[in-house]
Amino acid sequence: MNGKFPQHFLWGGAVAANQVEGAYQADGKGLSTSDLQPQGIFGAITPRTAGDSGIKDVAIDFYHRYPEDIALFAEMGFKCLRTSIAWTRIFPQGDEETPNEAGLAFYDRLFDEMAKYGIQPLITLSHYEMPYGLVKHYGGWGDRRTIDFFERYARTVFERYKHKVKHWLTFNEINMSLHAPFTGVGLPQESDKSAIYQAIHHQLVASARAVKACHEIVPEGKIGNMLLGGILYPLSCKPEDLLETQRQNRDWLFFGDVQARGCYPAYMQRFFRENGIQVAITEEDRQTLRETIDFISFSYYMSGCVTADPAQYETARGNILDMVPNPHLASSEWGWQIDPIGLRYLLNVLYDRYQKPLFIVENGLGAKDRVEADGSIHDDYRINYLNDHLVQVAEAIDDGVEVMGYTSWGPIDLVSASKAEMSKRYGFIHVDRDDAGNGSLERRRKKSFYWYRDVIHSNGASLKDRR
Ligand code: BG6
């Protein structure tokens, strides 16, 4: 894989505030929607009561241990670390006039620590959480006023960190609201489609406002969107399967189309009409949406298949989206189908569609690890997964796709989003904590730690084409 990756390729890892920080009430932080989902993003919404606790309340205690963790990332040679800002550290309820200084100061310390090692931050404004106060008092993104609250928050952090953070993302996996509306847009899980698309519309307008604000405030700043890149293949070459695949891919590409092209794509008119979906869109909204992102970012874990035949339809176990299993692919322990070539395909699809630079901001293997008696962890399965995906990234670069960087998901073990488990581990760094919250939180290097260090140091030359 010699010479395929560009010289300034941003190698690194990605985490999210609610999955690593813990300290869920420290320094004036308010409750976020994530704090009310102790079982993960599909779990029940559970009101907090005095003295209760959940795995995310401490997570991996990154809030206090970040200097040690950043030093370990630096040891691997990270050029970039993706994390999110917890909106509730800055505006605890969401609708305050002035921000919480203690929350702002935390991220100053974090970014300064990264700067010591030359690690660039890539910051998501909202990663699967929002202030619960906005849900309680305004109905989340269902209310147009949430756009203004978000813009205030975005402008506050752009002003504060404009000299420290040059790469920004708006909403994590923005298309997930279709599957997890409470997590995505602060709506009840059983909301109807009109309500969900209205809230999504507000979020898309807010995203465009953040893009405009970033362009105004951050010198040389670049801001992207973030899609769950759940690319789908037809299960067969039957034309009906192909059409259904196109339709289902448009479910998620719709978000990218609005954010990258600046308007609603034509196909949505028929979709809204045939599904009885009403969305109020003002002329001012249409103008706002014209402010488009600078680059496309996405997560990629798996691909899936689509069939138009209901009899053949089967839900792939563990997949976030309802996908039909691909008979040609193996699965992870969580039933996520492993498809490195799908990443090359997806990169090409997105580049053909948008002609904007792409950033792979999540990719990785969730697996159970065994700590040997001598403390070592031989995670060859993780090395193979990441190696094979990066080989396909190199192929896509060779195809002519502009790829800015790659941040693997969970470079340090963290709390999983879908089930709030610690045992689903992604890290190069092991964290001693189990699903019940027991453990010392001690950090330990896995075999993959040294492997990734070599990949970064060699700028991809050490990758092995195992096909
Ligand atoms: C993405 C999310 O969906 O996938 C992350 O942006 C999440 O927050 C990751 O952690 C992996 O999913 P899980 O459920 O294995 O944590």
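Two strands count as paired if DSSP finds at least two bridges between them. Here, strand β5 (residues 222-228) and β7 run parallel and are joined by five bridges. Helices and strands are DSSP runs, numbered from the N terminus, with at least four residues (H or I) for a helix and at least two (E) for a strand.

Before going on, some ground rules. This is a predicted model, in which local features need pLDDT of at least 70 and side-chain atom pairs count only at pLDDT 80 or more, while totals for chains, interfaces and linings use all residues. Residues are numbered from 1 along each chain as its sequence is written, and side-chain values use heavy atoms, with hydrogens and water left out.

Look for I296, whose bridge partner in β9 is L358. How many of the five residues of β7 are buried? Five of the five are, so β7 (residues 295-299) is largely enclosed by the rest of the structure. "Buried" has a set meaning here: under 20% relative accessible area, with exposed being over 50% and partly exposed in between (1.4 Å probe, protein chains only). In a regular strand, the side chains alternate between the two faces of the sheet. In β7, you'll find F295, S297 and S299 on one side, I296 and F298 on the other, and all of them buried.

Now hop over to strand β2 (residues 80-84), which is mostly covered, with five of its five residues buried. C80, R82 and S84 point one way, L81 and T83 point the other way, and all are buried. On to the partners of β2. Strand β1 (residues 10-14) runs parallel to β2 and is joined to it by three bridges; in this pairing, A14 stands opposite R82. Strand β3 (residues 120-126) also pairs with β2 in the parallel sense, over five bridges, and there T83 has I123 as its bridge partner.

Time to zoom out. The protein chain has 14 helices and 12 strands. Its C-alpha atoms fill a box of roughly 60 × 55 × 45 Å, taken along the principal axes. Why does a radius of gyration of 21 Å agree with a compact globule? Because a compact globule with 467 residues would have a radius of gyration near 23 Å. That radius is taken over C-alpha atoms, and the globule rule is 2.2 Å times the number of residues to the power 0.38. Of the 467 residues, 61% count as buried.

What about contacts, meaning heavy atoms within 4.5 Å? Among the contacts with a separation of 6 or more, 75% are accounted for by residues 24 or more positions apart.

Let's visit a few single residues. R353 lies in helix α12 and is partly exposed, with a relative accessible area of 24%. Leaving aside neighbours within four places in sequence, R353 is in contact with L253, D257, R261 and Y267. R353 and E96, on the other hand, are 40 Å apart in space, C-alpha to C-alpha, and 257 residues apart in sequence.

In the loop between β8 (304-306) and α12 (340-354) sits S332. S332 is buried, with a relative accessible area of 11%. Apart from neighbours within four places in sequence, S332 is in contact with I338, L365 and G366. E101, in helix α4 (residues 101-116), counts as partly exposed at 46% relative accessibility.

Most residues other than glycine have a negative phi. D61, though, has a positive phi near 55°. D61 lies in the loop between α1 (17-20) and α2 (62-76) and counts as buried at 12% relative accessibility. A420 isn't a glycine either, and has a positive phi of about 55°. You'll find A420 in the loop between β10 (403-409) and β11 (429-431), where A420 counts as buried at 8% relative accessibility.

Note on methods:
Contact means heavy atoms within 4.5 Å.
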